[in-house]
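I opened a structure that was new to me and kept short notes as I went. Here they are, for anyone who would like to follow along.

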Amino acid sequence: NMLLEIIQFHRDQSADVRKFTLGFIEEVCRKDMQLLPKCIDTIVALLSDPNLQVERRVIQVITALYRDMLLWQIPQRKIPQDMTEAWVHLSHLKGFILEALEAENEGIRTHAIKFIEVLVLCQSLHPSPPEDGSEVCVNLIPADHSTLDASSLKAEGGVAFQSLVNFTTTQTVTPMNLMTSIGSLTNVAKQRPNFLGPVVQVFESLHANLPPTLSKSQVSRVRKQLK
């Protein structure tokens with residue numbers, strides 16, 4: 001079918017064509033998550049693409065599909081085998097993106113920060129989870145779910161949160177990455193009050209001890225954002 005034909009373009013020599021393929025995969029899977037098993041191998045392959053723009057696009061796609069895959073799984077009482085395997089692959093990709101916080105490329109690190117924000121929000125407790133399916137949180141996962149374990153996901157979310165905190169407070173963080181991580185931590189604190197205390201502590205520490213990588217104008221912008 002057309003999906004399989006377009007997926008074949010992930011081997012095209014043009015980086016723009018490979019990025020288009022990723023965008024197509026994102027769009028079709030978000031409309032019908034059960035197409036993910038047909039696409040997951042392509043996503044995995046392109047995560048190690050030599051072109052940085054393609055690699056960034058892969059992280060963006062994984063960020064969108066990770067949340068949507070959880071949203072699809074939570075109400076399912078029985079998960080088909082191919083969807084279970086796709087979830088395992090998608091879960092393994094988390095480790096690669098967490099490691100991307102240490103990537104040499106600033107843009108890759110920025111996209112990794114945004115993925116971690118989504119991961120923490122999805123894998124933490126919501127104070128009052130909505131019933132309209134608009135949010136993903138561990139509160140919504142049934143205790144007897146066939147593929148999702150709420151306690152394990154929550155613990156993993158806590159580890160990811162701490163990795164973002166550690167990254168934000170390093171003295172070698174770049175100005176762009178610092179602004180992005182401050183924004184992500186702010187979003188987490190606003191939507192998950194149980195993280196508010198730790199985030200405030202991070203911001204207080206930053207305000208008193210900003211990294212030496214910042215110029216005077218950047219210091220002013222960061223302090224303004226922290227307020």
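Rings of Phe, Tyr and Trp (its six-membered ring) pair if their centres lie within 6.5 Å; planes under 30 degrees apart are stacked, over 60 edge-to-face, and the rest tilted. By that rule I get three aromatic pairs. Phe161 and Phe195 have ring centres 4.4 Å apart and planes at 35 degrees, so I note the pair as tilted. Phe161 sits in helix 7 and Phe195 in the loop between helix 8 and helix 9 (196–208), so this pair links distant parts of the chain, 34 residues apart. Both Phe161 and Phe195 are buried, where buried means under 20% relative accessible area, exposed over 50%, and partly exposed in between (1.4 Å probe, protein chains only).

**A note on the model**

This is a predicted model, in which local features need pLDDT of at least 70 and side-chain atom pairs count only at pLDDT 80 or more, while totals for chains, interfaces and linings use all residues. Residues are numbered from 1 along each chain as its sequence is written, and side-chain values use heavy atoms, with hydrogens and water left out.

**Helix 7 against helix 8**

Next I looked up how helix 7 (residues 150–168) meets helix 8 (residues 175–191): their axes come within 10 Å and cross at roughly 145 degrees. Helices here are DSSP runs (H or I, at least four residues), numbered from the N terminus. The axes are lines fitted to C-alpha atoms, for helices over the stretch in contact, with angles from 0 to 180 degrees between N-to-C directions. Which residues of helix 7 and helix 8 make the contact? Helix 7 brings Phe161, Leu164, Val165, Phe167 and Thr168, and helix 8 brings Asn177, Leu178, Ser181, Ser184, Leu185 and Val188. Contact means heavy atoms within 4.5 Å. I sorted the residues of this contact into seven nonpolar, four polar and no charged.

**Ile182, in helix 8**

Ile182 lies in helix 8. Is Ile182 buried or exposed? Its relative accessible area is 0%, so Ile182 is buried. Not counting residues up to four places away in sequence, Ile182 touches Phe203, Leu206, Val222, Gln225 and Leu226. Ile182 and Leu226 are 44 residues apart in sequence, yet 7.5 Å apart in space, C-alpha to C-alpha.

**The core around Leu90**

The largest nonpolar core has 71 residues, and Leu36, Ile43, Ile62 and Leu90 touch the most other members. Such a core is a set of buried Ala, Val, Leu, Ile, Met, Phe, Trp, Tyr and Cys residues joined through side-chain atoms within 4.5 Å. I followed Leu90: leaving aside its neighbours within four places in sequence, it is in contact with Leu36, Ile40, Ile62, Leu65, Tyr66 and Met69. Ile40 belongs to helix 3 (residues 36–46) and, at 3% relative accessibility, counts as buried. Beyond four places in sequence, Ile40 touches Ala86, His89 and Leu90.

Ala103 is in the loop between helix 5 (81–99) and helix 6 (106–122), and is partly exposed at 21% relative accessible area. Lys216, in helix 10 (residues 216–226), counts as exposed at 77% relative accessibility.

Definitions and conventions
Helices (H or I, at least four residues) and strands (E, at least two) are DSSP runs, numbered from the N terminus. Ala, Val, Leu, Ile, Met, Phe, Trp, Tyr, Cys and Pro count as nonpolar, Asp, Glu, Lys and Arg as charged, and the others, Gly among them, as polar.
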